[in-house]
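Welcome to this tour. Please keep your viewer open beside the text and select each stop as it comes up.

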Amino acid sequence: MRGLPREPTRRQFVTGLGLVVAGAHLPLGASATSPGARAAPPPAELRGTEFDLSIAALPVNLTGKAATAVAINGSLPGPVLRWREGDAVTLRVANRLGIDTSIHWHGILLPSNMDGVPGFSFHGIAPGETFTYRFQLKQAGTYWYHAHSSLQEAMGVYGAIVVEPREPDPVAADRDHVVLLSDWSDEDPHAIVRKLKIQADYYNRYKQTLGDLVGDARRDGWKRTLADRRAWGAMRMSPTDLADVNALTYTYLVNGTTPDGNWTALFKRGETVRLRFINAAAMTFFDVRIPGLRMTVVAADGQPVHPVSVDEFRIGVAETYDVLVTPGEDQAYTIFCQSMDRSGYARATLSPRPGLSAPVPALDPRPLLTIADMGHGGHDMKAMEGSCGAAMKGMEGGCGANMQGMDHSKMDHSGSGRSAGGMVSHPASETGNPAVDMQTMSPSRALDDPGIGLRGNGRRVLAYADLKSTFADPDPREPGRDLELHLTGNMERYVWGFDGIPFSKAEPIRLNYGERLRIVLVNDTMMEHPIHLHGLWSDLEDEAGAFQLRKHTVNVPPGHIRSYRVSADALGRWAYHCHMLLHMELGMFREVRVE
Ligand SMILES: [Cu+2]
């Protein structure tokens with residue numbers, strides 16, 4: 001058909017890159033599949049208690065361009081490791097690279113010297129060496145593993161872990177498929193870092209245009225539109241900064257396969273299929289749905305939850321969700337995973353037979369951050385008018401001056417009821433600190449907010465509030481103390497930290513062995529930060545402060561405050577960091593020492 005506003009390029013076909021022209025979407029049917037070579041061999045599935053893994057460079061071609069991945073056992077992702085709860089597993093990891101490497105077993109409870117973080121109770125694996133990991137499995141569920149050395153994780157060193165329960169699985173399914181999502185760049189991730197250091201919005205080419213401005217003004221009136229633009233301009237930020245790196249650089253993969261390659265999971269009509277979603281991306285959040293099917297979420301981060309039926313869920317970097325689907329028709333269904341910034345998608349197919357495909361939905365409209373998202377305690381656009389929820393350092397004349405002419409009658413400093421976090425104070429280390437470019441003043445505690453770009457989309461979207469562990473608080477002691485940490489950054493300098501301090505200048509966080517404490521995270525930035533504590537569980541609290549959900553990675557959206565309980569029941573030195581790989585690399589990292 002010639003009716004399309006713009007012909008898609010081959011790269012768009014292959015990579016699932018969204019068309020940049022607003023409103024132009026190409027349904028990707030079977031005819032779009034190119035005969036191009038598969039990028040890399042698919043992962044094998046390995047079972048048992050003894051495993052040999054080898055990390056080496058691997059030539060791949062994912063986008064039509066030759067590139068070099070770093071791969072485990074010659075596949076991207078590495079093999080799916082199927083373990084059994086209670087077993088002791090032995091994993092010999094051989095380094096065939098010219099530089100040090102490592103493997104970290106994400107979400108797995110184990111002794112700290114088996115955790116695989118170089119520098120902490122482990123030296124890394126030198127070139128030519130083989131390191132033997134050995135630990136006993138104390139848990140069941142869906143997890144994953146990845147390198148914890150330089151940026152190798154972004155180059156392909158990751159894979160899925162499925163730990164079968166010792167007792168019969170309470171979740172009954174006829175089939176079981178791993179759906180591992182990732183983001184691939186032909187460009188070396190170190191080059192991406194260099195560009196981000198020079199100009200943080202290098203990869204953000206979705207700047208609002210004059211046309212957007214006129215359109216917004218028609219809709220919202222010039223006064224409001226210009227006030228909004230002026231506020232963002234004063235912040236020296238862009239409301240389109242939803243992802244540091246987007247589909248112009250990344251190709252989004254399902255089990256190592258491009259959208260064009262159409263990874264396919266089989267089913268028979270009426271069967272219940274368990275899909276184990278793992279977000280192994282370096283920098284990408286995905287919004288996942290399967291048009292025509294409801295999904296019942298049964299586990300989060302490997303741990304069982306009370307079943308909740310949804311149309312869509314957002315999966316942060318490093319999170320996992322297990323869902324059940326029961327396809328009632330003898331037809332193909334698309335597993336559609338659009339990037340949070342709507343620049344592209346990963347795509348796979350659930351099908352009764354190989355070779356089928358279903359329509360691929362259009363990308364949703366690209367959401368814009370509002371000033372309210374930055375921490376007024378509500379997420380209604382009106383909440384920004386006349387309010388100053390987020391204070392931007394360097395804003396000329398302060399918030400008041402910039403908000404002149406705005407409607408102060410709508411001022412609402414109470415936020416939105418129970419979800420308002422109230423005013424927060426900030427650590428002194430943030431003051432006058434060039435590594436901190438903004439602070440939230442009144443962060444939201446809301447757990448029922450599906451998140452930017454998912455609100456009111458007509459679908460039932462999962463939120464953290466929907467997820468409740470099937471078990472009671474595993475350590476019902478009241479936390480003995482609170483540890484508050486602020487997630488901070490400066491987008492322009494592309495530096496990240498806790499409390500304005502990067503890892504290189506920080507003291508370890510010391511926990512007393514056996515204590516139960518509360519960690520409170522305040523997001524003082526405009527990006528999402530999925531925070532991962534190694535070695536210990538993060539027991540998310542509900543808005544009233546009671547135990548709700550056991551996780552290993554807790555996402556904190558912009559302008560939000562979240563708290564969880566931690567039992568310091570494993571001695572040693574543990575990594576604690578944002579799982580956005582480049583945020584971690586550029587400072588949002590701490591050592592937690594349990595002693
Ligand atoms: Cu982060």
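A residue is called buried when its relative accessible area is under 20%, exposed when that value is over 50%, and partly exposed in between. Keep in mind as you look around that this is a predicted model.

**Stop 1: a pair of rings**

Select Trp-83 and Phe-135. By the definition above, Trp-83 is buried, and so is Phe-135. How are the two rings of Trp-83 and Phe-135 arranged? They form an edge-to-face pair, with 5.7 Å from centre to centre and 70° between the planes. Now colour by secondary structure: Trp-83 belongs to strand 4 (residues 80–84) and Phe-135 to strand 7 (residues 130–136), so this pair ties together parts that are 52 residues apart in sequence.

For the whole model, the count comes to 20 aromatic pairs.

**Stop 2: another ring pair**

Move on to Phe-503 and Phe-589. Their rings also form an edge-to-face pair, at 4.6 Å centre to centre and 65° between the planes. The pair links distant parts of the chain, 86 residues apart: Phe-503 is in the loop between strand 24 (495–498) and strand 25 (509–511), while Phe-589 is in strand 33 (residues 589–594).

Phe-589 has a value of 9%, so it is buried.

**Stop 3: the copper ion**

Which residues coordinate the copper ion? They are His-529 through ND1, Cys-578 through SG and His-583 through ND1, at 2.0 to 2.1 Å. Along the chain, these donors follow the spacing H-x48-C-x4-H. His-529 lies in strand 27 (residues 529–533) and His-583 in helix 6 (residues 581–585), so the two histidines tie together parts that are 54 residues apart in sequence.

His-529 has a relative accessible area of 0%, so it is buried. His-583 is also at 0% relative accessibility, so it counts as buried.

**Stop 4: His-579**

Go to His-579, in the loop between strand 32 (572–578) and helix 6. Its relative accessibility is 2%, so His-579 counts as buried. Show its neighbours: leaving out residues up to four places away in sequence, His-579 touches His-106, Trp-144, His-146, Glu-153, Ala-282, Val-317, Ala-318, Pro-530 and His-532. With one of these, His-146, the side chain of His-579 makes a polar contact to the side chain, at 3.2 Å.

**Stop 5: Asp-186**

Finish at Asp-186, in the loop between strand 10 (175–185) and helix 2 (189–198). Is this residue buried or partly exposed? With a relative accessible area of 25%, Asp-186 is partly exposed.

Draw the polar contacts of its side chain. One of 2.5 Å joins the side chains of Asp-186 and Thr-63, and another of 3.0 Å joins those of Asp-186 and Trp-184. Setting aside neighbours within four places in sequence, Asp-186 is in contact with Thr-63, Lys-65 and Ala-67.

Technical notes. Residues are numbered from 1 along each chain as its sequence is written. This is a predicted model: local features need pLDDT of at least 70, side-chain atom pairs count only at pLDDT 80 or more; totals for chains, interfaces and linings use all residues. Side-chain values use heavy atoms; hydrogens and water are left out. Donors are N, O and S atoms within 2.8 Å of the metal (3.2 Å for Na, K and Ca); water is not among the atoms, so sites may look incomplete. Helices (H or I, at least four residues) and strands (E, at least two) are DSSP runs, numbered from the N terminus. Buried means under 20% relative accessible area, exposed over 50%, partly exposed in between (1.4 Å probe, protein chains only). Rings of Phe, Tyr and Trp (its six-membered ring) pair if their centres lie within 6.5 Å; planes under 30 degrees apart count as stacked, over 60 as edge-to-face and the rest as tilted. A polar contact is a pair of N or O atoms within 3.5 Å; within protein, one must be able to donate a hydrogen and the other to accept it, and residues adjacent in sequence count only if both atoms are side-chain atoms. Contact means heavy atoms within 4.5 Å.
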